Amino acid sequence: MPRLKILSKEVSLTEKVPRGAMLLDILRTAGHEMYTPCGGQGTCGKCRVYVRDRGYVTSCLFPVMEDMEIVLPEPSEASIMAEQYAHTRQLPADPGPSARLSAHPYGVAVDLGTTSLVFHFVNLMTGALVETRAILNPQAKYGADVISRINYCVLNPQGARILQQEIINTVNAELLRFAGNAGTGKTDVVRICFTGNTTMLHILLGVDPGPIAYVPFTPAFTEEKILRAADLDLECHPGGEVKILPSLSAYIGSDIVAGIASLKPSTAHKNYLFLDLGTNGEMALCTPDRIYCCSSAAGPAFEGANIEHGMGAAEGAIMSYDGPGRFRIIGDTRPTGICGSGLIDLVAWLLAGGRISGDGYMAGDFIIATAAESATGQAICLTPKDVREVQLAKSAVASGINILLSHAGLSADQIDALYLAGGFGNYIRPANAASIGLIPRELCARAMPAGNTSGTGALLSLRSVSFDGILEEILSRMKNLELSDHPDFVMQFAMNMEFHT
Amino acid sequence: MDEILKQIAHCVEFGKINNASPYPPDMKGQEGADELTRKALDSGVPVEDILTHALIVGMKNVGVKFRENKVFVPQVLMSAKAMGAAMEHLKPHFASGAAKRKGTFIIGTVEGDLHDIGKNLVSMMVEGNGYEVIDLGVDVSAGKFLAEAEKYPHGVIGLSALLTTTMVNMEKIVKTIKDKYPDRIICIGGAPVSDDFCKKINADFYSPDPQGAVEFLNELAAG
Ligand code: B12
Ligand code: FES
């Protein structure tokens, strides 16, 4: 058996490992969090680790045959914002009958994101928000996007159960941690509300998400579900109410439905656009009667995957760029890579200076930070292929927006507000997003971050039963547009890849 | 004669479809692949020469530039359209048997998957390089591939998949075809597909880009 020495910031340990086992699996078994957007398919290159005397290797494809020393990257906390925003709906506290299960009732609102889980702990007597926590989704090791998770469920007989257990265990750990800290008993938690994309909600209930990934994309359920905590073995009051908020379709989950319902735009705003710039690029155009929505499958470029030196919005990420040497990094460190908002700034800057031409051509790599400046000892650069990935992603979003506009019979200047959901919305600079053609130019002065709207939706539902009526009203107005069979999409998508300089 | 073939090749490479087309901006108002091909045929230029010295040259240039990241999807799409406009004039000659193509290529996006932009690019590049292309569209089952393989016994088969969930269907399709016709050549492509995956499922060839597929077919055709 080969011996493996693992060196990381906190620990160094040596262990005997089975010969021929994949390095990624070994590191995981040893308890190291590994970021693997492609789910260990060997295509994303993000699982690279440094092997002494050998250099960087793709750990998911690297069988360990002999003794070796591994140096792991420094751990980085995902930084997620979960705040209250000005245009968030306010509702009177009324948690419903389950609050009577305890003299000191508490509740938890959980946003099940593909990447992170956000928990809001609430005192149900007063409606006060006691604590907010954001942690990484433990399923991330099975792949970064929903399709990789579905794939895992399809290829492994117990897949959906295994992923379900990951979530339940994590939620339980949070419940117990909260009960410990707040000095309450675990049975004082009497109500839990979940939002999430349709796939995450299927997995939460242990339902096979397979059909979501294949034509004709029919989920097993989209309606609201009410269960008892004991049904899911949750560590709280066994009779507590567990509510899963309703979704619209396979790719418009309760995260989007509740997210839209959580907003209360100013009365002057008649038509507004809701944009969640994650991997699936969900968007909704809200008009006084209809709400048109679609998922534009933008891909993970703005989350760092498929970009040579891309990374999520974590410590060490270049988050904004204004020219050579003029960039900002998340945390007080040297840069390790570039995240979505930095990428948008950078491409906008390169376009303005003519280094990227209107058709997306860039002659060679552009160095953002030299090897001496970076934290990795390698130069951080943008490659011509990265620009192509940006073109695909931004065009998918732009084309989705155009199609929503044309269905609503509106032009971009008739849209009164653009709400950017998710952490990304806090960092992104609308003017640069417009420069690269991600959002219409008309909307950059009307764009505003909306925060974690899915989490806020779950929180509103937890605090107040009257949110149900609002959800129902929103759902009844929502119309899902399927882009796969949309006659204009392909041509739009191809042509919107160009930059308008 | 050389001059007009060069002009057609230029139109194909830069995506000039016809006189009316505003693209590319620097060729506005000029004749495109459509008019020039008609002219060439009318003045007696052999069909094979137009194919070999104009269309294939133009498609190859754009294919190589695409591989090298010098142009991208919109440009290739315009090139393909220009090629298509020229091809319309040549088709009757192929259909009548008066002129020959290099071989047949059967392509489709696999079961469960509707992504077809990449597949269409491959299909058009292959066609522009002198092959007859049987495009089966999207969400194509193993049975359908097999039936078409039987219809065109010398056709090379191409599979495309863009989802990690549907790329596994390639394995099933390859097996279905190879169980009956072990010598049948199958190439695969699409963003999540890799060379390792190609080997694993027993397909014959993988290419990350259309030009690779064209070169592979050319090698086969050369014997
Ligand atoms: C456009 C697009 C769509 C369009 C498709 C329109 C159409 N008619 O094709 C729409 C919006 C309808 C769509 C829908 C979906 N999509 Co989509 N889509 C994309 C997107 C943005 C671009 C894909 C593309 O066209 N690329 C450009 C072409 C030219 O490249 P290509 O296809 O790779 O082809 C090249 C090579 O691969 C090669 N090649 C291709 N085929 C072949 C074959 C052979 C034989 C050879 C040799 C070579 C070869 O040559 C081509 C040219 O170089 C990507 C994300 C991205 N940024 O890449 C997501 C993406 C592929 N989609 C994805 C998903 C999940 C979906 C959906 C399932 C869900 C959703 N969120 O909407 C649906 C369902 C569709 C279905 N089941 O088929 C995921 C897949 C994730 C995964 N892990 O598998 C991606 C990566 C986005 C994401 N969310 O991460 N999508
Ligand atoms: S390349 Fe190893 S996880 Fe993606």
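Visitor: Which residue does Arg67(B) form a salt bridge with?
Guide: Arg67(B) pairs with Asp209(B), and their closest N and O atoms are 3.5 Å apart. A salt bridge here is a side-chain nitrogen of Lys or Arg within 4 Å of a carboxyl oxygen of Asp or Glu. This is a predicted model, where local features need pLDDT of at least 70, side-chain atom pairs count only at pLDDT 80 or more, and totals for chains, interfaces and linings use all residues. Residues are numbered from 1 along each chain as its sequence is written, chains are lettered from A and ligands numbered from 1 in the order in which they are written, and side-chain values use heavy atoms, leaving out hydrogens and water.

Visitor: How is chain B divided up?
Guide: Chain B has domain 1 (2–95) and domain 2 (104–222), with bounds from an automatic or database domain assignment.

Visitor: And how many salt bridges cross the interface of those two domains of chain B?
Guide: The rule finds 3 of them across that interface.

Visitor: Which helices of domain 1 of chain B touch domain 2 of chain B?
Guide: H3 (47–67) and H4 (73–95) of chain B each supply at least two residues to that side. H3(B) gives the most, with 10 residues. Helices are DSSP runs (H or I, at least four residues), numbered from the N terminus.

Visitor: New topic: how many residues are in contact?
Guide: 17 residues of domain 1 of chain B meet 13 of domain 2 of chain B, contact being heavy atoms within 4.5 Å.

Visitor: How far apart are the domain centres?
Guide: In chain B, 25 Å separate the centres of domain 1 and domain 2, taken over C-alpha atoms.
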